[in-house]
Amino acid sequence: MKKLILFLISMVSLVNANAFKFDGIDLNGSQQQVAREISVKGYVYDQATNCLKGNCHGMELYLSLDNDNVVDKSKIGRLIVDIPMTTESALEDAVCIFNVIYHRIASVSGKATYSVDDDGTIMELTKTSKGLQLIYITPNYKAKK
């Protein structure tokens with residue numbers, strides 16, 4: 001529980017200046033720029049999980065980029081962040097924190113959606129079997145038909 005609260009506080013500090021940035025990474029930049037910034041942050045490919053593994057303020061995170069479903073092929077459509085937090089109250093605690101930071105635009109059982117930037121970037125917060133998942137959806141995302 002203490003780790004969860006510390007993580008959520010660190011997430012608050014990350015989004016105070018620019019909501020469309022994740023760990024200081026501008027999600028609206030080019031794919032090359034985003035990849036370079038992720039690499040600088042120390043995220044490396046983890047074959048076991050088939051995603052990038054890194055550390056953000058003491059919390060282990062797994063990142064996946066959606067480069068396929070985009071309007072502009074030079075941009076990313078989504079950043080998927082998996083956080084291995086399996087406590088019973090993880091989702092409820094995260095929702096309480098993100099309700100303070102962002103404007104919640106939708107909520108259905110097990111999923112909260114937030115507007116995180118004026119450019120149209122939204123974030124979906126859900127609980128998975130492995131923990132919490134944040135999906136940052138940029139204006140460049142083109143949903144599959």
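Trainee: Leaving aside neighbours within four places in sequence, which residues is N69 in contact with?

Mentor: N69 is in contact with G77, N140, Y141, K142 and K144, where contact means heavy atoms within 4.5 Å. This is a predicted model, in which local features need pLDDT of at least 70 and side-chain atom pairs count only at pLDDT 80 or more, while totals for chains, interfaces and linings use all residues. Residues are numbered from 1 along each chain as its sequence is written, and side-chain values use heavy atoms, with hydrogens and water left out.

Trainee: Where does N69 lie, and is N69 buried or exposed?

Mentor: N69 lies in the loop between β5 and β6. N69 counts as buried because its relative accessibility is 13%; buried means under 20% relative accessible area, exposed over 50%, and partly exposed in between, with a 1.4 Å probe and protein chains only.

Trainee: Back up a bit. How many helices and strands does the protein chain have?

Mentor: The protein chain has three helices and ten strands. Helices (H or I, at least four residues) and strands (E, at least two) are DSSP runs, numbered from the N terminus. Along the sequence the pattern is α-β-β-α-β-β-β-β-α-β-β-β-β.

Trainee: What do the strands form?

Mentor: Eight strands form an open sheet with antiparallel pairing, in the order β3-β4-β5-β6-β10-β9-β8-β7. Two strands pair if DSSP finds at least two bridges between them. The edge strands, β3 and β7 (103-108), each pair on one side only. From one strand to the next, the twist averages 30 degrees.

Trainee: Which helix packs on the sheet?

Mentor: Helix α3, residues 90-101, packs on the sheet and touches β7, β8 (111-115), β9 (122-128) and β10 (131-137). The direction of α3 makes about 165 degrees with that of β9. Axes are lines fitted to C-alpha atoms, for helices over the stretch in contact, and angles run from 0 to 180 degrees between N-to-C directions.

Trainee: And at the β3 end, how many bridges join β3 to β4?

Mentor: Three bridges join these antiparallel strands. The bridge partner of D46 is C51, in β4.

Trainee: Which residues have the most contacts inside the largest nonpolar core?

Mentor: They are F22, V81, Y114, M123, L125 and Y136, in a core of 29 residues. A nonpolar core is a set of buried Ala, Val, Leu, Ile, Met, Phe, Trp, Tyr and Cys residues joined through side-chain atoms within 4.5 Å. At least two residues of this core come from each of α2 (31-40), β5, β6 (78-83), α3, β8, β9 and β10. Helix α3 gives the most, with five residues.

Trainee: What does Y114 touch?

Mentor: Not counting residues up to four places away in sequence, Y114 touches V95, F98, N99, Y102, H103, R104, I105, T121, I122, M123 and L125. Y114 has a relative accessible area of 0%, so it is buried.

Trainee: How many aromatic pairs are there in the whole structure?

Mentor: A search finds three. Rings of Phe, Tyr and Trp (its six-membered ring) pair if their centres lie within 6.5 Å; planes under 30 degrees apart count as stacked, over 60 as edge-to-face and the rest as tilted. F98 and Y114 have ring centres 6.0 Å apart and planes at 50 degrees, so that pair is tilted. F98 lies in helix α3 and Y114 in strand β8, so the pair ties together parts 16 residues apart in sequence. Y102 and Y114 also form a tilted pair, 6.1 Å centre to centre with 50 degrees between the planes. F98, Y102 and Y114 form one aromatic cluster.

Trainee: New topic. Which place has N50, and what about its phi?

Mentor: N50 is in the loop between β3 (44-46) and β4 (51-56). Its phi is positive, about 60 degrees, although N50 is not a glycine. N50 is exposed, with a relative accessible area of 54%.

Trainee: And where is H57?

Mentor: H57 is in the loop between β4 and β5 (59-66). H57 is not a glycine either, and has a positive phi of about 55 degrees. At 54% relative accessibility, H57 counts as exposed.

Trainee: Last one. How much of the protein chain counts as buried?

Mentor: Of its 145 residues, 43% count as buried.
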